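Here is a colleague's note for someone opening this structure for the first time. Please keep the sequence and the coordinates at hand while reading the numbered points.

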Amino acid sequence: MTQRITIDPITRLEGHGKIEIFLDDRGEVASAYIQIPELRGFERFCLGRPAEEMPRITERICGVCPSAHHIASARTLDSLYHVDPPPAAHKVRELFYNLFMFEDHTLHFYFLGGPDFIVGPGAPAAERNVVGVIGKVGLEIGGKVIEARKIARAFMAEMAGKVVHPVFGLPGGVSKPLKAEMVDRLKAAAPGLVDFAQFSLKAFADIVLKNQVYVDTILADHYAHRTHYMGTVDANGRVTFYRGRLRVIDPSGTRVVEFDPSDYLTYIGEHVEPWSYIKFPFLKRPGWKGFVDGPQSGVFRVAPLARLNVADGMATPRAQEHYEQMVQTLGGKPVHSTLATHWARLIEALQATEAVQVLANDPEILDPNVRRLPDRAPTEGIGAVEAPRGTLIHHYATDPNGLLTMVNLIVATVHNAAPIQMSIEKAAKGVIHGGQVDDGLLNQVEMAFRAYDPCFGCATHTLPGEMPLTAVVRRSDGSVVTTLSRGGA
Amino acid sequence: MTGTGDRGPGASSAGRAVLVLCLGNDLLRDDGIGLAIADEIEAELNRSPVFGPWSQPIVVRKTALSGFYLLDELTGFDAAVVVDAVRTGVHAPGTVHTLPFESLRSRSGPSPHAAGLPTVIRLGRQSGVPLPERIHVVAVEVDDIESIGEGLTPAVARAIPAARDAVLAALEAVR
């Protein structure tokens with residue numbers, strides 16, 4: 001039986017995904033708020049379950065980056081069970097994770113964030129998509145993106161059992177060593193991934209950096225915030241995704257603190273607002289001062305640009321060249337221009353491919369010793385990785401039998417919740433004047449949060465799967481000036 | 001993908017595979033209906049010879065992914081049946097909808113990160129991504145997709161046999 005039905009976005013997201021913009025008597029923006037959907041109750045769902053199930057549970061909360069949750073959870077189990085995996089196990093995980101970072105960043109650039117730049121922020125809405133990207137970059141790019149990611153994902157599946165929901169991360173290591181035959185194939189494939197990442201950066205340079213209008217957009221003051229930044233660095237102070245120490249810098253670039261992720265509660269607090277389900281993380285020093293930037297505010301940012309800001313440089317040579325070019329082009333570190341996140345993302349994708357090449361050629365990657373069995377009772381564990389969208393922290397506690405008594409997850413979108421809020425308001429103030437709002441202006445406000453790539457993946461499965469976003473513009477008395485909807489009926 | 005089942009002689013045989021793509025998250029109660037149907041389809045394909053004469057293999061995939069990430073699951077197939085949960089708000093929970101993909105409206109959302117399947121397919125096709133030419137949709141009206149927990153609500157669980165039959169019929173429609 002075939003029937004035609006009309007599907008309106010009456011989903012669990014109803015009432016969420018809302019921007020409210022308040023105008024003053026002159027029609028200028030007084031304030032703006034965004035409500036971000038949040039999956040509530042997940043931590044409670046986990047309580048009483050065996051901790052070793054967490055890598056396979058947490059990855060299922062997210063329809064976008066399950067690999068990040070899986071690896072963060074495995075790192076947390078290492079801590080919980082007081083066991084450090086053998087070197088080869090760390091390298092296998094790191095290899096998998098770099099493949100993931102490449103494929104995720106690549107998809108984001110071409111299909112999600114790139115259209116704002118490659119097509120242009122002023123382009124009609126109908127062209128601000130991947131088709132517009134193809135119009136600029138070339139007809140074959142859609143297939144190339146899929147193919148490059150397919151290669152990376154095939155290796156991920158081979159290593160981890162399943163590419164979307166990996167099953168190989170265990171406390172103390174991974175479930176199986178790599179096969180020499182697979183590593184040989186990866187060695188052969190890795191240069192192609194490096195080439196593709198470089199191609200993406202060249203496309204960005206040709207299309208975006210050679211267009212002064214685009215560069216001016218990146219550098220526009222209404223897309224900038226002088227915040228603190230946080231990201232993970234390796235032992236040499238370079239960008240790393242899998243493990244390292246969390247470094248925080250202030251808006252001038254001065255290092256404030258560097259700490260092991262297990263000490264996160266010493267440095268990070270969570271502020272609660274009555275109008276949002278989300279808690280807003282902040283640096284305990286200098287403390288929560290509201291949704292403001294500057295050295296006296298505890299607001300900090302994570303994500304690719306933050307990682308590049310806090311690090312002394314990239315960990316691989318080709319990525320380092322592009323890093324230096326970015327810093328020079330944008331006027332030195334730290335780069336406060338939110339939209340530069342897209343550029344930083346491409347540089348990270350290149351580092352990821354170079355890291356894959358290095359790890360694939362490391363003889364230790366084939367060491368069969370990939371698991372150290374825990375021999376102590378679990379107590380409490382904290383683990384962190386740099387997810388594509390920023391720092392991801394898992395924190396578990398168990399009873400002596402390994403059953404969970406406490407679970408706390410801080411995902412990147414939550415770390416960035418306050419800056420996203422601030423960016424929305426600043427962009428709105430920058431582009432909306434005299435009470436005039438239209439589709440193009442709304443897009444420029446939306447660009448402010450697209451750069452963060454806030455993750456709604458855990459909340460968008462039912463057909464048609466789109467997140468409706470409503471922008472409500474109100475006068476100072478609360479009456480509605482206009483309502484613009486995207487993805488709505 | 002949380003699971004892949006291949007049926008038939010493999011993708012290298014004459015005729016490319018037909019995909020049954022089952023979407024959902026089994027930690028969000030009724031959002032797991034697509035995955036439950038996938039299990040039924042795989043069991044059906046294992047015990048029934050009804051699809052034996054086909055020259056095309058059938059691949060059943062389960063995934064919790066969304067948005068443009070679904071392109072990875074859909075590429076390389078001639079035809080597909082997409083199975084998912086839906087909430088229209090006007091039909092009783094457990095109602096099985098079956099419809100050609102073209103019936104779904106493609107909307108321009110605020111962020112491509114949250115793009116729906118119609119938008120993903122439309123833009124993917126226009127981008128030269130090799131996507132199925134024929135797609136049919138089987139969707140089950142759901143009740144609870146807000147609670148975190150396992151297990152379907154009773155009305156939705158009772159819809160599994162009808163949904164399974166709808167998928168098998170849809171396979172005939174797209175082959």
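**Notes on the predicted model**

1. His82(A) sits in the loop between α3 (66–80) and α4 (87–118) of chain A, where helices (H or I, at least four residues) and strands (E, at least two) are DSSP runs numbered from the N terminus. The phi of His82(A) is near 55 degrees, a positive value in a residue other than glycine. His82(A) counts as partly exposed because it has 16 C-beta neighbours inside 10 Å; a residue is buried if 20 or more other C-beta atoms lie within 10 Å of its own, exposed if 12 or fewer, and partly exposed in between, with C-beta atoms placed from the backbone.

2. Some conventions should be kept in mind. This is a predicted model, in which local features need pLDDT of at least 70 and side-chain atom pairs count only at pLDDT 80 or more, while totals for chains, interfaces and linings use all residues. Residues are numbered from 1 along each chain as its sequence is written, and chains are lettered from A and ligands numbered from 1 in the order in which they are written.

3. On confidence, chain A has a mean pLDDT of 87, and 89% of its residues reach 70 or more, pLDDT being the predictor's confidence in each residue, from 0 to 100. Over residues 1–16 of chain A, however, pLDDT stays under 50, and the model has 35 contacts beyond four places in sequence for them, two residues being in contact if their C-beta atoms, placed from the backbone, lie within 7 Å. For residues 457–461 of chain A, pLDDT likewise stays under 50, with 24 contacts beyond four places in sequence.

4. Which strands make up the open sheet with mixed pairing? Its four strands have the order β7-β6-β5-β10 in chain A, and the edge strands, each of which pairs on one side only, are β7 (255–259) and β10; two strands pair if DSSP finds at least two bridges between them.

5. Going through the pairs, β5 (residues 228–233) of chain A runs parallel to β10(A) over two bridges, and Tyr229(A) stands opposite Arg301(A) in β10(A). With β6(A), by contrast, β5(A) pairs in the antiparallel sense over five bridges, and Thr232(A) has Leu246(A) in β6(A) as its bridge partner.

6. Strand β6 (residues 245–249) of chain A is mostly covered, with four of its five residues buried. Four bridges join β6(A) to β7(A) in an antiparallel arrangement, and Val248(A) has Val257(A) in β7(A) as its bridge partner. These two strands, β6(A) and β7(A), form a hairpin with five residues between them, and Gly253(A) in the turn has a positive phi of about 100 degrees.

7. Ala303(A) belongs to the loop between β10 and α10 (304–310) of chain A, and its phi is near 110 degrees, a positive value in a residue other than glycine. Ala303(A) is buried, because 31 other C-beta atoms lie within 10 Å.

8. Two cis peptide bonds deserve a look. The bond from Arg285(A) to Pro286(A) is cis, with omega near 20 degrees, and Pro286(A) lies in the loop between β9 (279–283) and β10 (300–301) of chain A. Another cis bond joins Lys333(A) and Pro334(A), with omega about -10 degrees, and Pro334(A) lies in the loop between α11 (317–329) and α12 of chain A.

9. Helix α12(A) itself is mostly covered, as 18 of its 20 residues are buried.
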